[in-house]
Amino acid sequence: HAYLDTETTGLTGGAGTYVFCAAVATPIDCGLRVAQFFLPEPGMESAFLYALRDEIEPACGVATFNGGSFDLPVLRTRWVMARMPGELTHGQHVDLLTLVRALYRHRLESCTLRSVEERVLGYERDDPLPSALVPDAYFDYLRIGSKEFLEAALEHNRLDVISLVHLH
């Protein structure tokens, strides 16, 4: 499996929501390979989407956390909005949030990735940036070139995708 996590400019998932960062973790013989893709400006979206597709397409499957309801539909929407040929293709999808809810809904007060990390994996993350501030970090980067919080947003994305591997 390839494990996929995206960061977007909003949580609505509408046509104006961009995917500006994506991390793909792939288990390999000696550990884990993490590839991270970044959209430096909206005009480069086609190249971003092609690179991301090339990373996930060879995998036999893709695992996400709420990707069936959010990540994959947003990526498909961006694919269409960028007038890309064909479709965004990937192997069979496993949504780890669905599995977590089935296994732990009676034992967890919340099924957010953060709660699952703490309560199921026993991992307390020292996250450099809360999820809610990740879009603002990208907007600051686009508006004034600020990389102060952008690097923290990219680290947040890497930590999320690594947690998916451990959770699965």
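Two strands count as paired if DSSP finds at least two bridges between them. Helices (H or I, at least four residues) and strands (E, at least two) are DSSP runs, numbered from the N terminus. The model is predicted: local features need pLDDT of at least 70 and side-chain atom pairs count only at pLDDT 80 or more, while totals for chains, interfaces and linings use all residues. Residues are numbered from 1 along each chain as its sequence is written, and side-chain values use heavy atoms, with hydrogens and water left out.

- An open sheet of 5 strands has the order 3-2-1-4-5, with mixed pairing.
- Strand 3 (31-38) and strand 5 (92-95) are at the edges with a single partner strand each, so one side of each has no neighbour in the sheet.
- On average, neighbouring strands of this sheet are turned by 25 degrees against each other, direction ignored (axes are lines fitted to C-alpha atoms, for helices over the stretch in contact, and angles run from 0 to 180 degrees between N-to-C directions).
- Strand 1 and strand 2 run antiparallel and are joined by 6 bridges; within strand 2, Cys 21 is the bridge partner of Glu 7.
- Strand 1 runs parallel to strand 4, with 2 bridges between them, and Tyr 3 stands opposite Ala 63 in strand 4.
- Strand 4 (residues 61-64) and strand 5 are also parallel, joined by 4 bridges; Val 62 stands opposite His 93 in strand 5.

- Helix 2 (residues 67-81) lies across strand 1, strand 2, strand 4 and strand 5, at about 70 degrees to strand 1.
- Helix 1 and helix 2 pack with their axes 10 Å apart, at an angle of about 130 degrees.
- The two helices are therefore oblique to each other (angles under 35 degrees count as roughly parallel, over 145 as roughly antiparallel, 65 to 115 as roughly perpendicular and the rest as oblique).
- Residues Glu 45, Leu 49, Tyr 50, Leu 52 and Arg 53 of helix 1 meet Leu 75, Arg 78 and Trp 79 of helix 2, contact meaning heavy atoms within 4.5 Å.

**Nonpolar cores**

- A nonpolar core is a set of buried Ala, Val, Leu, Ile, Met, Phe, Trp, Tyr and Cys residues joined through side-chain atoms within 4.5 Å.
- The largest such core has 33 residues, of which Leu 4, Val 24, Phe 48, Leu 49, Leu 52 and Leu 75 touch the most other members.
- At least two residues of this core come from each of strand 1, strand 2, strand 3, helix 1, helix 2, helix 5 (134-144) and helix 6 (150-167).
- Not counting residues up to four places away in sequence, Leu 4 touches residues including Val 24, Leu 52, Val 62, Leu 75 and Val 161.
- Another core, of 15 residues, lies apart from it and includes Ala 25, Ala 63, Phe 65 and Val 116.

**Ser 163**

- Ser 163 is located in helix 6 and is buried, with a relative accessible area of 3%.
- Leaving aside neighbours within four places in sequence, Ser 163 is in contact with Leu 113, Glu 117, Leu 121, Tyr 123 and Arg 125.

Notes
Buried means under 20% relative accessible area, exposed over 50%, partly exposed in between (1.4 Å probe, protein chains only).
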